[in-house]
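Hi everyone, and thanks for coming. I'd like to walk you through a structure that may be new to you, so please have a look at it on the screen.

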Amino acid sequence: MAHRPTMHDVAAAAGVSQAVVSLVLNGNHAGRASERTAERVRAAAQQLGYRTNLQAKSLKTGVAEILGLVGDEVATSPFSGMMIKGAQDRAWQDQHALLTIDTGGDDRLEAAAIDTMLSHRVRGIVYTAMYHREVHVPDAALDTRAVCLNARDLDERVPSVIPDEVTGGYEATKVLLEAGHTRIGIITIHDALPAAVGRLEGYRRALAEAGIAEDPDLVRPGTGMQSDGDRQTRALLALPEPPTAIFCQNDRTALGAYQTLTAEGLRVPEDMSVVGFDDQDVLRDFFLPPLTTVQLPFAAMGSLAAELLLSGETAPEVHRIRCPLVLRDSVAPPKGS
């Protein structure tokens with residue numbers, strides 16, 4: 001059997017003591033060893049293929065170099081991959097792995113998942129949701145550090161990381177106002193989800209700032225489905241004074257709007273400007289011309305959630321992450337302006 005490198009081997013190769021190797025590989029060398037020495041230790045460890053004994057370390061310190069992430073449908077949501085990647089990349093910067101368990105919305109599986117993570121002595125748990133919503137974090141998760149991701153903790157016991165839906169809705173509407181539109185329709189995605197409520201608030205804020213009174217006929221209810229984009233775009237076109245632009249609260253709705261406008265012989269953006277929300281990569285290639293939309297910052301959100309766990313931040317603050325506007329080709333001045 002090949003000799004497994006030890007901390008003693010790393011110390012000998014780097015020309016330092018085992019204590020220095022331990023400090024460097026555990027990230028505790030600041031003020032005790034120079035960065036040049038730390039680089040030498042890390043290079044020696046990499047060259048020898050040395051790996052720390054996580055089990056022994058967790059027994060000694062009470063925590064392992066692992067973060068947990070538990071959520072409903074995180075394995076199937078088109079967005080969750082970027083949240084997981086953001087959290088994983090940030091965890092890896094501190095030599096931590098990310099243990100992810102998808103509960104599928106099953107409460108019993110969720111309880112078992114959290115228990116499993118606690119048995120592994122994870123350093124903290126990211127409690128996430130497929131859709132931005134308000135949740136009650138399970139009491140069991142509070143046996144370690146916890147952070148809500150893409151969800152707000154209703155009990156205000158842990159930090160929450162969510163997209164800034166209001167500013168996103170504001171900027172989506174603002175880009176249409178700046179193009180010269182004054183009659184802007186909106187197709188919503190839900191009555192009560194924080195995402196829908198926030199995006200509608202942003203729409204209203206932008207109109208009010210521009211001195212434009214909201215027309216209730218231009219606010220059309222939907223559920224986020226492509227069929228809603230079709231149905232409600234037809235309803236908007238049937239108004240005595242149709243809008244010249246439509247803000248769809250998600251890209252799937254915008255796709256339905258595109259298809260209806262094409263079927264009616266109308267062109268985007270020459271006859272109707274359209275803005276979406278989400279920037280779903282699975283839908284991006286279906287838009288012709290490419291859709292101006294607002295991007296949900298999932299990678300940045302996942303990264304911040306992991307950062308809060310790693311830093312030990314426990315204040316139950318709500319961290320809102322800006323949703324950047326992605327300008328493409330679906331917005332133009334109103335026809336005839």
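Let me begin with a definition: two strands pair if DSSP finds at least two bridges between them. Helices (H or I, at least four residues) and strands (E, at least two) are DSSP runs, numbered from the N terminus. Two quick notes on where this comes from. It is a predicted model, in which local features need pLDDT of at least 70 and side-chain atom pairs count only at pLDDT 80 or more, while totals for chains, interfaces and linings use all residues. Residues are numbered from 1 along each chain as its sequence is written, and side-chain values use heavy atoms, with hydrogens and water left out.

Now the overall picture. The protein has eleven helices and twelve strands. Along the principal axes, its C-alpha atoms fill a box of roughly 80 × 40 × 40 Å. Of the 337 residues, 49% are buried, meaning under 20% relative accessible area with a 1.4 Å probe, protein chains only.

Six strands make an open sheet with parallel pairing, in the order 2-1-3-4-5-11. Strand 2 (97-102) and strand 11 (318-321) are at the edges with a single partner strand each, so one side of each has no neighbour in the sheet. From one strand to the next, the twist averages 20°. Inside this sheet, strand 3 (residues 124-135) and strand 4 (residues 145-153) run parallel and are joined by eight bridges.

Helix 11 (residues 298-311) lies across strand 1, strand 3, strand 4, strand 5 (160-163) and strand 11, at about 155° to strand 4. For these angles, axes are lines fitted to C-alpha atoms, for helices over the stretch in contact, and the angles run from 0 to 180 degrees between N-to-C directions. Contact here means heavy atoms within 4.5 Å.

These two helices also meet each other. The axes of helix 5 and helix 11 come within 6 Å and cross at roughly 40°. That is why helix 5 counts as oblique to helix 11; angles under 35 degrees are roughly parallel, over 145 roughly antiparallel, 65 to 115 roughly perpendicular, and the rest oblique. Residues in the contact include Gly86 and Ala87 of helix 5, and Gly302 and Ala306 of helix 11.

There is a second open sheet, of four strands, with the order 7-6-8-9 and parallel pairing. Its edge strands are strand 7 (219-220) and strand 9 (273-275), each pairing on one side only. Strand 6 (residues 184-187) pairs with strand 7 in the parallel sense over two bridges, and Ile187 has Arg220 in strand 7 as its bridge partner. Helix 8 (residues 194-209) packs on this sheet, touching strand 6, strand 7 and strand 8, and its direction makes about 170° with that of strand 6. Helix 7 (residues 165-178) lies across strand 6, strand 8 (245-248) and strand 9, at about 165° to strand 8.

Terms used:
Buried means under 20% relative accessible area, exposed over 50%, partly exposed in between (1.4 Å probe, protein chains only).
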